[in-house]
Amino acid sequence: HGTFEMVICSDMHVFVHSFVHCGICERTPATSMGSNCNSSSVSVPAHTFAAEIPDFLTEEECKLIVHLAKLKGLQKSQILPTEDYEEAMEMIEISQMDIFNLLDHNQDGQLQLKEVLTHTRLGNGRWMTPENIREMYTAVKADPDGNGVLSLEEFKQLNIRDFHKYMGSQKVKMSDLVRNSQHTWLYQGEGAHQVMRAIRQRVMRLTRLPPEIVEHSEPLQVVRYDQGGHYHAHMDSGPVFPETACSHTKLVANESAPFETSCRYVTVLFYLNNVTGGGETVFPIADNRTYEEMSLIQNDIDLRDTRKNCDKGNLRVKPQQGTAVFWYNYLSDGEGWVGELDDFALHGGCLVTQGTKWIANNWINVDPNRRRQQQFQQEMERFAGSEADMAQPWELESSRRPGRVRDWCDKWWAAALCVHRGPCVTVLTLQS
């Protein structure tokens with residue numbers, strides 16, 4: 001356990017949800033201290049946490065965001081699979097043995113259902129269940145003994161094209177997809193609606209990140225989930241390997257990489273309305289002591305399935321209009337910068353059983369590669385015509401100014417939540 005210092009300003013409450021070591025993850029209310037800021041030390045677990053901040057947005061601001069989103073127009077967040085699925089899959093050059101080794105997570109020479117399930121999300125966009133896998137095995141005669149396990153010898157006898165043909169032949173509904181929602185993007189930069197600008201400024205003060213990082217991050221995403229809408233458990237960002245590049249810095253860095261990831265360092269989620277039924281945000285493994293991907297699926301219960309198993313998740317946050325939920329998607333590297341992806345930030349949107357759910361997301365984009373992030377910031381400043389800033393480039397190493405993404409709770413972080421393993425965050429309740 002580490003120790004953090006919490007400072008609460010104004011007449012609001014902040015609830016900190018720990019992602020690990022916290023039993024059933026009950027809320028811990030922070031005492032409202034009025035306009036005079038005081039602090040108190042609290043013991044927190046070693047991993048990341050989610051901060052729930054009621055009344056971060058006013059009712060009027062929530063309604064305005066929804067109104068602007070409707071004016072802009074929303075599109076489906078995930079489209080139905082195309083008929084070109086089979087052809088596209090056949091273009092992937094990978095041997096059958098490589099496929100088996102990729103799926104065989106524990107390298108025991110057999111493919112259990114849960115091993116296959118963890119890798120079928122990229123298929124044709126359909127969310128696969130244990131029942132779906134068994135139906136596919138039966139259709140392509142993949143499992144002669146019907147035990148739900150494929151040996152290496154059984155796998156070698158298969159024609160992979162049969163799997164592709166089966167997947168391509170399946171009629172898929174929107175409710176069968178990984179994500180069933182609609183969304184749009186609202187500009188928050190210079191010249192945007194004053195409420196959009198005010199929210200961005202509020203997020204700057206909440207995260208305590210350099211303004212140039214927040215200003216050059218993604219616009220506000222607004223999402224509508226109708227009845228039956230959901231988003232299965234996922235990570236907002238992805239791991240960064242030599243084969244990957246951050247979407248926001250790739251062009252500036254002029255580096256080639258076969259895969260891109262979003263590099264969303266921080267998520268700030270806003271609830272824009274009260275949902276009549278369902279629609280919670282679930283963190284399935286919030287209090288697990290360790291993370292093990294295979295443990296997410298036990299006895300045909302997939303904790304990532306937000307249509308069926310949200311009630312089995314360790315932490316569920318109920319939508320309340322105006323509330324913000326704030327968390328990190330990456331750990332610290334121990335030196336005040338972005339480190340590895342935090343697996344405990346796995347989360348999803350539970351099935352909306354009645355009514356409509358409106359949310360918005362502010363993502364703060366930071367490249368784990370310091371050089372690329374600095375290059376990106378400088379290019380953005382140059383593009384904006386900020387020659388004065390170019391004369392004094394953003395210094396990543398300084399601990400005396402807010403240039404480091406994560407710091408070890410020095411004087412600059414006087415009002416931060418500092419967690420063992422590196423992450424320091426601010427959960428000040430803020431006034432516009």
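## Disulfides

C310 and C350 are both buried, meaning under 20% relative accessible area with a 1.4 Å probe on protein chains only; exposed means over 50%, and partly exposed lies in between. This is a predicted model, in which local features need pLDDT of at least 70, side-chain atom pairs count only at pLDDT 80 or more, and totals for chains, interfaces and linings use all residues. Residues are numbered from 1 along each chain as its sequence is written, and side-chain values use heavy atoms, leaving out hydrogens and water.

A disulfide (a pair of cysteine sulfur atoms within 2.5 Å) joins C310 to C350, with an S to S distance of 2.1 Å. C310 sits in the loop between β18 and β19 (315-317), and C350 in the loop between β23 (347-349) and β24 (352-354), so the link ties together parts 40 residues apart in sequence. Strands here are DSSP runs of E, at least two residues; helices are runs of H or I, at least four; both are numbered from the N terminus. The S-S torsion of C310 and C350 is about -100 degrees, so this disulfide is left-handed.

The whole structure has two disulfides. C246 and C263 form one, with their sulfur atoms 1.9 Å apart. C246 belongs to strand β12 (residues 244-246), while C263 is in the loop between β13 (259-261) and β14 (264-271), so this pair ties together parts 17 residues apart in sequence. The link of C246 and C263 is left-handed, at -75 degrees about the S-S bond. Both C246 and C263 are buried.

## Nonpolar cores

A nonpolar core is a set of buried Ala, Val, Leu, Ile, Met, Phe, Trp, Tyr and Cys residues joined through side-chain atoms within 4.5 Å. The largest one has 41 residues. Within that core, I65, M196, V222, F270 and L272 touch the most other members. Another core lies apart from it, with 20 residues, including L111, L117, V140 and L150.

V222 has contacts (heavy atoms within 4.5 Å) that include I65, A69, L74, L272 and W358, leaving aside residues up to four places away in sequence. Q182, H183 and T184 are also among the residues V222 touches.

## Positive phi

Most residues other than glycine have a negative phi. Q107 has a positive one, near 55 degrees. Q107 is in the loop between α3 (96-103) and β6 (110-111).

D300 also has a positive phi, about 65 degrees, and is not a glycine. Its place is the loop between β17 (297-298) and β18 (301-302). D300 is partly exposed, at 38% relative accessible area.
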